[in-house]
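Dear colleague,

Please find below the structure I promised to pass on to you.

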Amino acid sequence: MIVKKLHELGVTSEHAYLAATASIGLSLASWLTSSRNENLERADRWGIFVGEWAPTFFGLGLALAHYEDRDRIGGSTGEGHEV
C-alpha cells in the first residue's frame, strides 16, 4: 500500500537509491562536523542516526523496483496480492 502510494506520487526506485546514497554521505559529513564541534560520543551518535536511514531507503528502492517491474510486465501476478 505504501509502495503503491509512493509510486503514484512519482517516487521511483532510483529516487530511493539516491536518497540512500546521500544518507551515507550525510552520515559521514555529520560525523565529521560533530567530531570537530562536539565530543566524540555525540558525533558517533549523529553519524549512526543519519546512517540508519540508508537501509530504509535501499529497502524502499527494492520494493519500488519490484513494483515497477511488475507494472512494466503487465500488472498483477494474478494472486490478488498488492505490494
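I begin with R72, which counts as exposed because its relative accessibility is 61%, over the 50% cut-off. Please bear in mind throughout that the model is predicted. R72 forms a salt bridge with D69, and the closest N and O atoms of the pair are 2.2 Å apart. Both R72 and D69 belong to helix α4, where they sit 3 residues apart, about one turn of the helix. The salt-bridge count comes to 1.

As to the overall architecture, the chain has 4 helices and 0 strands. Read from the N terminus, the order of elements is α-α-α-α. Of the 83 residues in the chain, 22% are buried.

Two helix pairs deserve a description. Helix α2 comprises residues 13-37, and its axis lies 8 Å from that of α3, at an angle of about 170°. The two helices are therefore roughly antiparallel, since angles over 145 degrees are classed in that way. On the α2 side, the contact is made by S23, L26, S27, S30, W31, S34 and S35. On the α3 side, the contributing residues are L40, A43, D44, W46, G47, V50 and G51.

The second pair consists of α3, residues 40-51, and α4, whose axes are 5 Å apart and form an angle of about 5°. This angle makes α3 roughly parallel to α4. Here F49, V50 and G51 of α3 meet W53, A54 and P55 of α4. V50 and G51 are also among the α3 residues that contact α2.

The residue I would draw to your attention next is E68, located in helix α4, which spans residues 53-73. E68 is buried and has no salt bridge. Which side chain of opposite charge is nearest to E68? It is that of R72, at 5.5 Å; this does not qualify as a salt bridge because the cut-off is 4 Å. R72 is, however, the residue that pairs with D69.

What does the side chain of E68 reach instead? It comes to 2.9 Å from the backbone nitrogen of S13. Neighbours within four places in sequence aside, the contacts of E68 are H7, V11, T12 and S13.

S13 itself lies in helix α2. Is S13 buried or exposed? Its relative accessibility is 10%, and S13 therefore counts as buried. With neighbours within four places in sequence again left aside, S13 is in contact with G61, L64, A65 and E68.

K4 and L64 are separated by 60 residues in sequence, while their C-alpha atoms are 8.1 Å apart in space. K4 is located in helix α1, residues 2-8. With a relative accessibility of 28%, K4 counts as partly exposed. H7, one of the contacts of E68, falls within the residue range of this helix as well.

In summary, the points I would ask you to examine are the R72 and D69 salt bridge, the buried E68 with its side chain directed to the backbone nitrogen of S13, and the two helix pairs, α2 with α3 and α3 with α4.

With kind regards

Conventions. Residues numbered from 1 in each chain as written. Predicted model: local features only at pLDDT ≥ 70, side-chain atom pairs only at ≥ 80, totals over all residues. Heavy atoms only, no water. Buried < 20%, exposed > 50% of the residue type's maximum accessible area, 1.4 Å probe, protein only. Lys, Arg positive; Asp, Glu negative; His and termini not counted. Polar contact = N/O pair within 3.5 Å; in protein donor to acceptor, adjacent residues only side chain to side chain. Contact = heavy atoms within 4.5 Å. Axes fitted to C-alpha atoms, helices over the stretch in contact; angles between N-to-C directions. Parallel < 35°, antiparallel > 145°, perpendicular 65-115°, else oblique.
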